[in-house]
Amino acid sequence: MRPVRPATVAIAVAAALTAVTGCTEKGGGKDGDRVVHVTATDDKCEVSKKEFPAGHVELAVENKGSKVTEVYVLFPDDRVVTERENIGPGTEQRVTAEVKAGDYQIACKPGMKGKGIRQAVKVTGGKAVQRDPRLDKAVAAYRAYAQTQADETLPKAEAFARAVKDGDLDAAKKAYAPSRIGWERTEPVAESFGDIDPKVDVREDGLEDGQDPATDWTGWHRLEKALWQDKKIGDREKELADTLITDLKDWQKRVGKAEITPTSMANGAKELLDEVATGKVTGEEERYSHTDLVDFKANVEGAQQSYELLKPVAEENDAALVTELDRQFAALNTLLDKYRPNTASYDFTSYDKVGKADRKELSDAVNALAEPLSKLAAAVAK
Amino acid sequence: MTDTNPPSPSRRSLLGWGGAGLALGAATAGGAVALAHGNDAAPADPGAAVPFHGMHQAGIATPVQDRLHFAAFDVTTDDRAQFVQLLKDWTQAARRMTAGHPVGEGAYGGLPEAPPDDTGEALGLRPSRLTLTIGFGPTLFERFGLTDHRPEALIDLPKFAGDNLDTARSGGDLCVQACADDPQIAVHAIRNLARIGFGKVVIRWSQLGFGKTSSTTPEAQTPRNLMGFKDGTRNIAGTETDRLRKHVWVSEKDGGPSWMTGGSYLVARRIRMHIEPWDRTSLQEQEDIFGRDKGEGAPVGKAKERDEPFLKAMKPDAHVRLAHPDSNRGATILRRGYSFTDGTDRLGRLDAGLFFLAYQRDVREGFIPIQRNLATDALNEYIQHVSSALFAIPPGVRDKDDWWGRTLFSGEA
């Protein structure tokens with residue numbers, strides 16, 4: 001658990017990316033310039049105009065297909081400006097948004113799945129801020145990564161919850177660490193939703209003043225304590241297993257809306273290493289299960305994902321930094337592999353079996369990576 | 001600190017810094033450096049900058065500053081070029097910090113999204129006579145194919161009677177001794193060097209020290225250790241060119257590797273004091289143990305601290321008697337130790353003592369015979385050596401193009 005931070009990603013490089021997301025309005029707004037007609041079918045997404053002025057925009061969406069669809073207005077980095085779900089076949093809905101000048105995409109998702117069918121549109125007028133398209137691509141890819149992590153976490157978390165609800169102590173213990181990997185990989189993004197993190201990943205000592213551990217402590221670590229320390233599953237634990245799933249579904253649904261910028265990706269990578277440095281190498285994070293090395297590995301993987309996506313730009317601006325980061329990522333991963341018999345698996349040595357000298361070695365390797373990683377933001381902001 | 005001209009070094013810091021500029025000329029030409037520059041009345045300026053460049057490293061013969069942060073590092077890179085680059089980067093950072101400047105591009109004003117080069121806690125403070133002194137441990141020579149360059153004098157220290165060494169805070173491939181009159185300055189220096197070193201070196205252990213326990217300025221009173229005694233009155237002064245040459249600086253005539261010429265050897269020992277039992281010891285016994293009186297610091301039977309001690313008047317196991325050069329065939333070391341207190345231990349006892357730092361031309365003729373002779377020291381009942389390290393201290397950085405360890409790593413003399 002980390003102290004709750006205001007949206008981690010407060011550094012918005014592109015001021016143009018601020019927007020007020022809209023909601024459905026029945027027949028609201030005045031027709032004319034402001035209305036963009038979107039005709040969705042099962043294999044098409046037609047828009048009535050591809051260029052319109054900045055400001056208040058209204059989409060009139062008509063679903064002429066046979067599947068339920070949803071429509072998104074997306075920033076170049078795939079962040080959601082506004083969206084409307086559950087547009088049934090044969091229905092029409094209106095979606096409004098405030099948009100600044102720049103390039104956007106309108107996406108229809110027949111069946112409400114996948115990347116959708118996309119149309120590039122341009123919003124003109126006002127001052128547009130241009131960003132390196134490679135960085136937009138990196139952010140979009142990272143957003144997709146974060147979404148995938150959330151999507152893939154849900155079934156694993158559900159397996160964990162099921163074991164808890166079945167009262168199966170061994171199965172629950174086994175499913176615990178794997179259920180956290182996706183979360184740990186994308187923690188800076190997950191934390192940007194300040195309300196979810198304290199519900200799912202808080203440790204007992206992280207509760208706020210006045211909160212009662214008996215009633216206010218929820219999430220993974222509360223269950224961890226029940227499974228490993230108390231060694232029993234009661235009604236409360238079964239209840240909490242359901243709560244965890246509800247909260248994780250909330251996260252899964254909101255990941256796409258996270259504020260992500262190239263520098264926040266870079267600093268997010270560094271923050272993942274900070275998580276390791278302050279919580280995992282000390283064994284505080286998983287104090288009952290001692291599965292710290294699983295979280296550790298996931299944090300490093302998430303940081304590396306962020307880094308790899310930014311690398312083409314960073315390399316151009318600071319080749320020496322990229323060389324150093326490659327070296328240190330490799331060194332840390334090699335070191336971590338010493339603690340799992342099989343590199344295809346996430347079965348790591350229990351952290352209570354990792355001695356002082358080995359913990360220092362891990363800590364040294366984290367510092368060796370985190371220090372140059374702290375320079376990545378500068379290398380992409382140049 | 002300012003980015004403009006650093007305060008000029010005081011007279012005394014120039015004198016103590018035997019290798020610097022004008023003082024160096026005088027030292028090599030005539031020897032009588034102490035008398036070469038007049039104005040004896042000028043007090044040491046505790047905020048001044050000590051020159052970084054010179055034939056010997058600063059921080060040895062330099063008048064002892066009030067505070068210490070000593071750090072031993074292990075090397076983690078196997079890449080020699082990378083390590084040499086680190087030594088160059090460290091030299092540049094040390095050159096800047098000792099002059100009172102921040103590291104790199106400073107502590108603020110850069111990209112808001114990136115951490116600043118300098119950590120910033122020394123901003124606004126004076127150079128505070130910061131000296132940074134680097135040393136190479138025996139284990140360094142196993143790396144980078146340097147075993148042929150390991151000086152014979154850089155031995156593995158033998159076990160001494162009463163040693164209870166914690167290996168986790170002993171040894172090290174490298175050390176940096178940071179001395180300053182302001183603890184914040186010393187800590188800032190080690191912190192920033194460690195930061196630059198991440199990925200190439202890691203801190204193995206470190207020690208903070210306060211209250212210097214020895215003086216390299218004979219006109220100053222010998223400071224007291226935590227037992228309340230003056231110890232080491234006859235320490236080598238920074239102005240005693242002849243004694244420095246005889247006992248501290250490595251000479252090309254020593255037969256060791258030429259890269260060490262102008263260097264020295266440092267023994268660092270963390271000596272824990274059993275404070276509570278000591279404090280319950282009678283005054284008479286305390287004075288007998290040291291061989292001095294507690295008030296003035298005079299040797300047994302004498303009136304003043306600096307009176308020549310009559311060793312035979314002391315008990316056979318008195319500390320001063322056993323440590324004195326006359327009891328050790330003239331063996332002499334330059335001490336610049338510090339008191340330390342790391343809070344209390346788990347038993348509620350003060351975790352305190354002396355962080356002993358001794359420089360010498362050859363430990364086989366300096367620390368080792370003296371420490372062996374101290375096996376029967378009555379003081380041993382109240383102290384315990386808990387960490388130990390030995391480092392070869394390379395010669396000084398000569399000018400702005402030179403770097404720490406060049407004589408070893410570039411093979412030049």
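This is a predicted model: local features need pLDDT of at least 70, side-chain atom pairs count only at pLDDT 80 or more; totals for chains, interfaces and linings use all residues.
A:Lys257 is partly exposed, at a relative accessible area of 42% (buried means under 20%, exposed over 50%, partly exposed in between, with a 1.4 Å probe and protein chains only).

I noted the conventions. Residues are numbered from 1 along each chain as written, and chains are lettered from A in the order in which they are written. Local features need pLDDT of at least 70, side-chain atom pairs count only at pLDDT 80 or more, and side-chain values use heavy atoms, without hydrogens or water.

I then searched for the partner of A:Lys257. A:Glu83 forms a salt bridge with A:Lys257, with the closest N and O atoms 3.1 Å apart (a side-chain nitrogen of Lys or Arg within 4 Å of a carboxyl oxygen of Asp or Glu). A:Lys257 sits in the loop between helices H8 (235-254) and H9 (262-280) of chain A and A:Glu83 in strand E7 (residues 80-87), so the pair ties together parts 174 residues apart in sequence. Helices (H or I, at least four residues) and strands (E, at least two) are DSSP runs, numbered from the N terminus.

I next examined A:Asp242 and A:Lys165, whose side chains meet in a salt bridge of 2.7 Å, N to O. A:Asp242 lies in helix H8 and A:Lys165 in helix H1 (residues 133-165) of chain A, so this pair joins parts 77 residues apart in sequence. A:Asp242 is partly exposed at 36% relative accessibility, and A:Lys165 is partly exposed at 37%.

Finally, I recorded the total: 60 salt bridges over all chains.
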